[in-house]
Amino acid sequence: MDETDEVTRAVRGLAGAVTPAPEAALLVHRGVRRRRRRRLAVAAAAGATATAMSVGGVVTLGPGDAGPADGDRRVAVASDPEPSTPTGRPAPACPEAVAAPPTRAVPDLEDQRRAVVRLRSLSSVQVVRAVPTPLGVVALVADDGGDPDLTLPPDVVGVLRAAGARWAYEWDPSGPAVGLDAAAQVRQVLAWQLDPVVADLRRATAGLPGAAGLAVFPEAGTVLLQWRAPVPAQVAALARDEPGEVQVVVEGVRYSERDVREAGQRLWDDAGLADSPIDLVSTSGCGDGSGLRVGIATAVRDVDGWEERLAEVAGMPVTLVVEGPIDELLPAG
Amino acid sequence: MRQDFAAFVEAETPRLLGLAHALTGDPHDAWDLVQESLTRVGVRWRRLADGNPGGYARTTLVRLNIDRARRRRRETLPGEVPERAAPVVRIPLEDPVEPWLLEALAALTPQQRSAVVLRVLEDLDHAGIAERLGCSVGTARSHLSRGLSRLRERAPARTDLGGT
């Protein structure tokens with residue numbers, strides 16, 4: 001390509017217009033650590049679910065995704081990751097992730113199953129994946145190699161709709177190479193349907209004090225809105241549960257996001273910790289809104305005593321979690 | 001030789017960020033893509049370290065961006081996107097972003113944009129672009145050709161070439 005080409009110069013200029021700040025690498029390492037914990041938790045949750053099914057016949061449409069492609073900031077897991085605690089005791093009740101709301105049934109499951117059979121037998125459209133979901137049948141369709149500017153032409157959408165698909169998206173054949181297998185792509189389609197609801201909730205609650213967080217559970221078609229109790233009537237009224245539609249669950253919790261943020265800041269600002277064995281690595285809210293999770297680099301003696309002392313500074317219950325020094329948390333090279 | 005993940009992140013982040021910024025035109029979105037791509041590399045590091053983790057990261061980033069763009073094309077999200085603090089620094093001395101470019105890039109399909117950016121920044125041929133996009137060579141050629149054509153239609157005519 002011509003080095004003097006206007007397009008070439010402009011694109012290179014755009015690429016060079018940003019540089020990473022020093023903390024970028026640290027954020028990546030934290031992200032890796034968090035993702036590894038979640039994967040462990042998902043594996044644990046999957047084991048627990050399998051046990052429950054074999055013993056009690058519990059049928060779940062669990063939102064925990066064993067696939068590596070979870071793009072959500074919060075991942076629903078049936079049981080929380082339990083990193084090592086300073087004393088090796090059972091982990092306290094301060095989960096890192098938000099617990100999933102009760103399982104939702106798939107509405108009209110038999111109808112959806114029949115639709116799936118129809119979709120898979122279509123000759124004019126290649127349906128790679130079709131599955132019943134709480135939000136209706138999701139169909140992923142192979143690109144037929146036509147005009148690359150088009151995604152799904154209207155006539156194809158019409159065929160799929162007639163066969164019973166509620167959501168029709170193009171199958172991404174390159175997805176599995178980057179962790180987006182068929183199940184993950186279906187999950188993504190469901191997550192996209194939650195986005196407008198999340199935006200609506202943000203708009204409806206803008207400026208109201210007490211917000212404690214939003215969590216999405218794509219497979220369940222559920223958005224969980226946590227709010228500091230007592231939940232105002234205006235917020236409680238946002239809950240909704242209609243079959244086939246996105247469900248909104250409003251849950252009262254003890255502390256708001258702001259409460260947690262300010263509590264964490266008080267710890268970081270506490271000069272008294274500088275000469276103590278407490279080497280802060282991170283602070284974050286418990287997934288159930290019950291207090292503050294405090295990550296520390298190395299284990300300390302008298303965990304209960306330190307949690308109590310830190311709680312006095314923070315102004316809310318504190319759970320210590322040994323995360324290790326940042327350097328040791330990196331994947332082995 | 002087996003690489004160290006920390007060194008890999010240190011070395012690759014600027015390049016990935018540039019690629020992501022050219023793909024998205026937005027430093028926050030660019031950072032999101034970089035972080036997600038590097039995170040995916042990180043959790044698979046033991047498997048990738050002896051191979052081509054940089055290629056894996058760039059392919060992942062490009063595909064994630066196409067996915068993100070497809071998602072946005074199909075929906076109009078109400079409300080404003082909340083502000084996020086991305087660990088991204090813009091070069092302060094002058095703004096090297098051509099004013100017409102963002103608008104022109106936004107007019108391309110995600111695949112066309114990716115093809116152009118990969119050609120310009122990564123110097124990939126049609127086969128390389130096809131591999132990154134996960135499509136046939138013919139389709140990659142079509143994306144690149146149409147993308148470049150559309151961009152050049154919108155590029156301002158240069159008046160300072162100083163000759164032919």
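## Sheet in chain A

Strand E3 (residues 138–141) of chain A runs parallel to E4(A), and four bridges join the two. A:Ala139 stands opposite A:Ala168 in E4(A). Strands are DSSP runs of E with at least two residues, helices are runs of H or I with at least four, and both are numbered from the N terminus. Two strands pair if DSSP finds at least two bridges between them.

The open sheet has three strands in the order E2-E3-E4 (chain A), with mixed pairing. Strand E2 (127–131) and strand E4 (167–170) of chain A are the edge strands, each pairing on one side only. Neighbouring strands are turned by 15 degrees against each other on average, direction ignored. Helix H5 (residues 182–205) of chain A packs on the sheet and touches E2, E3 and E4 of chain A; its direction makes about 120 degrees with that of E3(A). Axes are lines fitted to C-alpha atoms, for helices over the stretch in contact, and angles run from 0 to 180 degrees between N-to-C directions.

## Model and numbering

This is a predicted model, in which local features need pLDDT of at least 70 and side-chain atom pairs pLDDT 80 or more, while totals for chains, interfaces and linings use all residues. Residues are numbered from 1 along each chain as its sequence is written, and chains are lettered from A and ligands numbered from 1 in the order in which they are written.

## Chain B

Chain B has eight helices and one strand, running α-α-α-α-β-α-α-α-α from the N terminus on.

Note on methods:
Two residues are in contact if their C-beta atoms, placed from the backbone, lie within 7 Å.
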